[in-house]
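Reader: I'm new to this structure and would like a close look at just one part of it. Could you pick things up from there and walk me through the surroundings?

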Amino acid sequence: RGRVRRQLEELEERAQTSLFERTRSGLSLTPAGQLLRDRAAPLVSEIDELFDNVRRVGEDPTGTLTVAANTLTPSYGIREFFTMCWELFPQVSIEGTACTDVLGAVRDGCEVGLLLAEELPDGPWSAFRAFTLQAGLYASPEYFERHGTPTTPAELAEHRLARWQYPGYDGRSLQLRAGGELATKPFFVCSYAEPLWVLVADGQAIGNLCAHAFDSDRVRPVLADHVGYEVHLWVVFARDALAVPRVRELHRLLRNTAAEIA
């Protein structure tokens, strides 16, 4: 009891305020003591997890990795990322969620984020490009039979266009390989790639796609020498999560693997 009393007194001395109400029946927490208890509990839990990870240094990564993917991300990019994880870390399970604010999810505690963007703003994360997907205009053979094949970008005005829109790109303009953009009037603009793919594969329109993200045998490129651009898939790690050896090792190996693929 004497040792406990001294430790409590040292704690109050360090806090420079009273943490306990002392009565004949025992001790109860003051408002300051309640605040300290509530804020300290998660810190103690993190310290316990840290020591557990320290003991596991050198072992193969295990546990659960939380991943937030942008709802605009083509299934191809997500599939390839998960395949990389499974091959590199067979003992790590993945909990994936779809959201519209990946960076916000990373700020709020999600360990990894996947999203499409040209560049990322500065923030509490470490990010790298995992994949670069080549995008361009495509149509099915059925569409060519019904409506003919455009031979110049200007002729696109006479065709039915469906456009994929994602952050950094306006679905109402086309990126030209020679530089600049071509304004168009698409009949369909969508931030989700799958519905657009269905329209193109069914012969309803010419659409801008990452064709290898789908069944490219069903479509043919349109004006490939004139229209095309790159779509970058970023992998974002929460900087705080990199303090955990398991996550830091995941980051290192995934980044090295992505560099080899690139």
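Reader: Let's start with Glu 111: does this residue count as buried or exposed?

Author: Glu 111 counts as buried, because its relative accessibility is 12%. For that label, buried means under 20% relative accessible area, exposed means over 50%, and partly exposed is what lies in between, using a 1.4 Å probe and protein chains only.

Before we go on, this is a predicted model, where local features need pLDDT of at least 70 and side-chain atom pairs count only at pLDDT 80 or more, while totals for chains, interfaces and linings use all residues. Residues are numbered from 1 along each chain as its sequence is written, and side-chain values use heavy atoms, with hydrogens and water left out.

Back to our residue. You'll find Glu 111 in the loop between helix H4 (102-107) and strand E5 (112-116). Helices (H or I, at least four residues) and strands (E, at least two) are DSSP runs, numbered from the N terminus. Setting aside residues up to four places away in sequence, Glu 111 touches Thr 64, Leu 65, Thr 66, Val 236, Phe 237, Ala 238, Ala 241, Arg 246 and Val 247. Contact here means heavy atoms within 4.5 Å.

Phe 237 and Phe 81 touch the most other members of the largest nonpolar core, which has 56 residues. Strand E13 (residues 229-238) gives the most to this core, with eight residues. There is also a second, separate core of eleven residues, with Ala 139, Leu 174, Ile 206 and Val 227 among them. A nonpolar core, by the way, is a set of buried Ala, Val, Leu, Ile, Met, Phe, Trp, Tyr and Cys residues joined through side-chain atoms within 4.5 Å. In soluble globular proteins, nonpolar side chains tend to be buried together.

Glu 12 forms a salt bridge with Arg 22, with the closest N and O atoms 2.8 Å apart. This pair links distant parts of the chain, since Glu 12 is in helix H1, Arg 22 is in strand E1, and ten residues separate them. Arg 22, at 46% relative accessibility, counts as partly exposed. A salt bridge is a side-chain nitrogen of Lys or Arg within 4 Å of a carboxyl oxygen of Asp or Glu, and the structure holds three of them.

Another salt bridge joins the side chains of Arg 37 and Asp 38, at 3.2 Å from N to O. Arg 37 counts as partly exposed at 47% relative accessibility, and Asp 38 is partly exposed with a relative accessible area of 47%. Asp 202 and Arg 218 pair up too, their closest N and O atoms being 4.0 Å apart.

Glu 12 also has a contact with Thr 17. Thr 17 lies in the loop between helix H1 (2-15) and strand E1 (20-23), and with a relative accessible area of 37% Thr 17 is partly exposed.
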